[in-house]
Amino acid sequence: MSIFDDDEEILEPDEDMDADDMLLDWENRIAEARRQAINALLYDKECEQRIRSIGTAESYHNESCMYAQSGDFQKAIEICEEGLKLGLNPDLIGDLINYNAKLGRHDQAHHYFDMQMERIPYKAWTWRNYSFAIEALIGEDARMNEELIRKLVKDYQTFLPTEEKAFMAEYEMEQALGNHEQALAALEKAVKEHPASEQCAIQLADILLQNGNFVRAYEMAVRAISASARCQSSIQSAFAAMILCFCKDAMLWQEIAQGKEPEIKRILALKRQYESLKDCFSVKLLPFQIQIEDRISLLTVLIEGISEA
């Protein structure tokens with residue numbers, strides 16, 4: 001049955017499943033729904049031909065992205081290779097590096113990376129050329145490719161100095177090499193020099209939260225949400241909102257540990273925020289649903305304890 005059948009019953013996961021199996025079940029359902037949705041857009045061959053008839057590299061790039069989003073990287077590769085017949089194009093070369101790397105075809109990814117290095121001037125490279133090449137080289141072997149990756153990251157920040165992904169690439173490189181302090185420093189540099197660095201801000205917020213720096217983690221999450229208020233945001237706002245709640249939650253319990261009694265309205269407000277997260281972002285925050293429910297339960301217990309006192 002199709003996901004577009006109005007009368008189809010939506011099946012709930014088996015109640016006997018444990019949390020991990022239930023999460024995997026939902027992830028499989030979501031992936032299958034996404035594939036069906038993409039296929040529904042592409043099944044019309046006449047529509048596909050109209051897309052191709054535009055005859056631009058961008059049209060081939062856009063079509064390949066639709067197949068890649070459904071997990072069909074082989075089809076995406078074929079479309080990009082056909083698009084290259086129109087002429088060399090930086091975005092299509094970047095896509096081919098990315099899709100081949102996703103399939104573990106490192107030789108083919110290297111083939112297109114060499115083509116990129118030899119035939120496309122640095123000034124013509126887009127963020128895709130840098131980010132996908134760096135990601136592919138890290139995925140192959142970060143230590144073996146370290147010298148080349150470092151050169152690419154440096155060039156990335158030189159030729160595209162306002163591109164936030166250049167700083168994320170530095171962070172990801174240092175993380176892959178096990179240089180965690182340098183990775184953190186890359187994020188700190190990004191949020192200092194680029195006010196709208198939403199990706200770096202939310203990544204930094206997550207790290208600070210894990211390190212117990214709740215006040216600064218909260219500040220970075222707010223900054224990320226603020227910077228994401230634009231047409232094409234690069235972060236998942238639901239994740240940033242969840243970090244805000246976690247920070248408020250942690251600071252609340254810290255105060256209790258210090259002997260301070262929190263106001264009941266503050267606890268109720270936080271509980272409502274968690275409930276809103278759960279309701280509004282049930283799919284996007286699916287991996288965190290159990291944790292969110294646990295935090296709601298703890299706040300409920302806290303409220304009852306204060307009420308009885």
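Predicted model: local features only at pLDDT ≥ 70, side-chain atom pairs only at ≥ 80, totals over all residues.
## The largest pocket

The largest pocket holds about 530 Å³ of space. Its lining counts 21 residues. Closest to the pocket centre are Trp127, Arg128, Ser131, Phe132 and Lys165.

Four helices each supply at least two lining residues: helix 3 (57–69), helix 5 (90–102), helix 7 (127–141) and helix 9 (164–176). Helix 7 gives the most, with six residues. By class, the pocket lining splits into eight nonpolar, seven polar and six charged residues.

## The cavity

The model has one cavity of 30 Å³ or more. About 60 Å³ of space lies in this largest cavity. Its lining is made of Ile97, His106, Ala109, His110, Phe113, Ala133, Ala136, Leu137 and Glu140. Two elements give two or more residues to that lining, helix 6 (106–119) and helix 7. Six of the lining residues are nonpolar, two are polar and one is charged.

## Helix 5 against helix 7

Two packed helices are described by the angle between their axes and the distance between the axes. For helix 5 and helix 7, the angle is about 20° and the axes lie 8 Å apart. An angle under 35 degrees counts as roughly parallel, so helix 5 and helix 7 are roughly parallel to each other. The crossing of helix 5 past helix 7 is left-handed.

On the helix 5 side, the contact uses Pro90, Asp91, Ile93, Gly94, Asp95, Ile97, Asn98, Ala101 and Lys102. Helix 7 answers with Arg128, Asn129, Phe132, Ala133, Glu135 and Ala136. This contact has seven nonpolar, three polar and five charged residues. Ile97 of helix 5 and both Ala133 and Ala136 of helix 7 take part in the contact; these residues also line the largest cavity.

## Helix 7 against helix 9

The axes of helix 7 and helix 9 come within 10 Å and cross at roughly 5°. Helix 7 and helix 9 are therefore roughly parallel to each other. Trp127, Ser131, Ile134 and Ile138 of helix 7 make the contact with Lys165, Ala169, Glu172, Met173 and Ala176 of helix 9. By class, the residues are six nonpolar, one polar and two charged.

This contact includes Trp127, Ser131 and Lys165. Those residues are also among the ones closest to the centre of the largest pocket.

## Helix 7 against helix 8

Helix 8 spans residues 146–159. The axes of helix 7 and helix 8 come within 10 Å and cross at roughly 160°. Angles over 145 degrees count as roughly antiparallel, so helix 7 is roughly antiparallel to helix 8. Helix 7 passes helix 8 in a left-handed crossing.

From helix 7, the contact draws on Trp127, Tyr130, Ser131, Ala133, Ile134, Leu137 and Ile138. From helix 8, it draws on Leu148, Ile149, Leu152, Val153, Asp155, Tyr156 and Phe159. The contact of helix 7 with helix 8 has twelve nonpolar, one polar and one charged residues.

Key: Residues numbered from 1 in each chain as written. Heavy atoms only, no water. 1 Å grid on protein atoms, 1.4 Å probe; cavity = no way out; pocket = protein on both sides within 12 Å on 5 of 7 lines; lining within 4 Å. Points joined across faces, edges and corners; volume = space filled by probe spheres on them. Nonpolar A, V, L, I, M, F, W, Y, C, P; charged D, E, K, R; others polar. Axes fitted to C-alpha atoms, helices over the stretch in contact; angles between N-to-C directions. Parallel < 35°, antiparallel > 145°, perpendicular 65-115°, else oblique. Left-handed = near helix turned anticlockwise from the far one by under 90°. Contact = heavy atoms within 4.5 Å.
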